[in-house]
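Subject: Structure handover

Hello,

Here is the structure I promised to pass on. Please open it first, then read my notes below.

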Amino acid sequence: MQVTHLFLDADQTLFDFERAERAAFTAICLELSLPHDGQLYQLYSDINARMWALLEQGGITKTALRRERFRLWLEAAGFSADLEALSDGYTRYLGEMAFLFPGAEEFCRAAARKYPLYLATNGIAAVQRGRLARSPLANVFRKVYVSEDLGCEKPSPDFFLRMLADAGAKAENSLMVGDSLRADISGAQGVGMKACWYNPHSVGAGNAKPDYIVHSYEELYRLLEL
Ligand SMILES: [Mg+2]
């Protein structure tokens, strides 16, 4: 495989974002003395998923989403709290939760020895950079691209084009590795990059046609000849 630049997704590829979300939710509830258990988290999580679906359809802005999901949760649970403290506190805690999947650090270090290695992630810049700084991966990447800084999100072609231009990389010689068929795979392929789908739970690919599919970091080592 002719790869000169390697781009990795962060959430659910290297970082256990679901665990971070649960931990941040618990932390802010504790801080504000709000009840929190598995059921209340599930209630929040379902509302959050609905809000993100609405965002994808253009029905809400990201700034509004950050508040609205908690406003709806408070309403559904029958609690009252300072919405700003809840919403801002959650984002602050989320930036502190850096849970890497087992083997992610070793894989990134091995990859960085062979390739110019970049992180390519959607999200809030302060959250993503905060988590990275607290993780063992703080100095592993040559550069970190966060959608908020680039002004567009994966899978938008602009995200990938701006990133490639900044990295001085040619699309056809660049590989994107990520867990999202939409954001990472179709996004990267849309601008002519190669795309490797990280699919640890072996779910179906639907109509997507990733150039490569791996189910573990071990398979990535082999694919990248690390
Ligand atoms: Mg991801």
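Start with a loop. Pro155 sits in the loop between α7 (147-150) and α8 (157-167). Helices here are DSSP runs of H or I with at least four residues, strands are runs of E with at least two, and both are numbered from the N terminus. A cis peptide bond joins Lys154 and Pro155, with omega at about 10°.

Some ground rules. This is a predicted model, where local features need pLDDT of at least 70 and side-chain atom pairs count only at pLDDT 80 or more, while totals for chains, interfaces and linings use all residues. Residues are numbered from 1 along each chain as its sequence is written, and side-chain values use heavy atoms, with hydrogens and water left out.

The sheet

In what order do the six strands of the open sheet run? The order is β3-β2-β1-β4-β5-β6, and the pairing is parallel. Two strands pair if DSSP finds at least two bridges between them. In general, strands of a sheet pair through backbone hydrogen bonds, either parallel or antiparallel.

The edge strands are β3 (143-146) and β6 (212-214), and each pairs on one side only. From one strand to the next, the twist averages 20°. Axes are lines fitted to C-alpha atoms, for helices over the stretch in contact, and angles run from 0 to 180 degrees between N-to-C directions.

Look at β2 and β3. They pair in the parallel sense over four bridges. Thr121 stands opposite Val146 in β3.

Two helices lie across the strands. Helix α10 (residues 217-224) lies across β1, β4 (174-178), β5 (194-198) and β6, and runs at about 145° to β6. Contact means heavy atoms within 4.5 Å.

The metal site

Which residues coordinate the magnesium ion? They are Asp9 (OD), Asp11 (O) and Asp179 (OD), at 2.1 to 2.2 Å. Donors are N, O and S atoms within 2.8 Å of the metal (3.2 Å for Na, K and Ca); water is not among the atoms, so sites may look incomplete. In sequence, the donor residues are spaced D-x1-D-x167-D.

Both Asp9 and Asp11 are buried. Buried means under 20% relative accessible area, exposed means over 50%, and partly exposed is in between (1.4 Å probe, protein chains only).

Gln12 lies in the loop between β1 and α1. Gln12 is not a glycine, yet its phi is positive, at about 65°. Its relative accessibility is 18%, so Gln12 counts as buried. Glu225 also has a positive phi, about 55°, although it is not a glycine. Glu225 is in the segment after α10. With a relative accessible area of 57%, Glu225 is exposed.

Aromatic rings

A pair of aromatic rings is described by the distance of the centres and the angle of the planes. Rings of Phe, Tyr and Trp (its six-membered ring) pair if their centres lie within 6.5 Å; planes under 30 degrees apart count as stacked, over 60 as edge-to-face and the rest as tilted. By this rule there are 14 aromatic pairs.

Why does the pair of Phe7 and Tyr118 count as stacked? The ring centres are 4.9 Å apart and the planes lie at 20°, so the pair is stacked. This pair links distant parts of the chain: Phe7 is in strand β1 (residues 5-8) and Tyr118 in strand β2 (residues 117-121), 111 residues apart. Both Phe7 and Tyr118 are buried.

Trp73 and Phe79 have ring centres 5.7 Å apart and planes at 70°, so that pair is edge-to-face. Trp73 is buried at 0% relative accessibility, whereas Phe79 is partly exposed at 23%. Ring pairs link Phe25, Tyr41, Tyr44, Phe70, Trp73, Phe79 and Tyr90 into a cluster.

Charges also meet rings. The charged end of Arg19 sits over the ring of Phe99, 3.7 Å from its centre. For this, NZ of Lys or CZ of Arg must be within 6 Å of the ring centre and within 35 degrees of the ring normal. Arg92 lies over the face of Tyr93, 5.0 Å from the ring centre.

Best wishes
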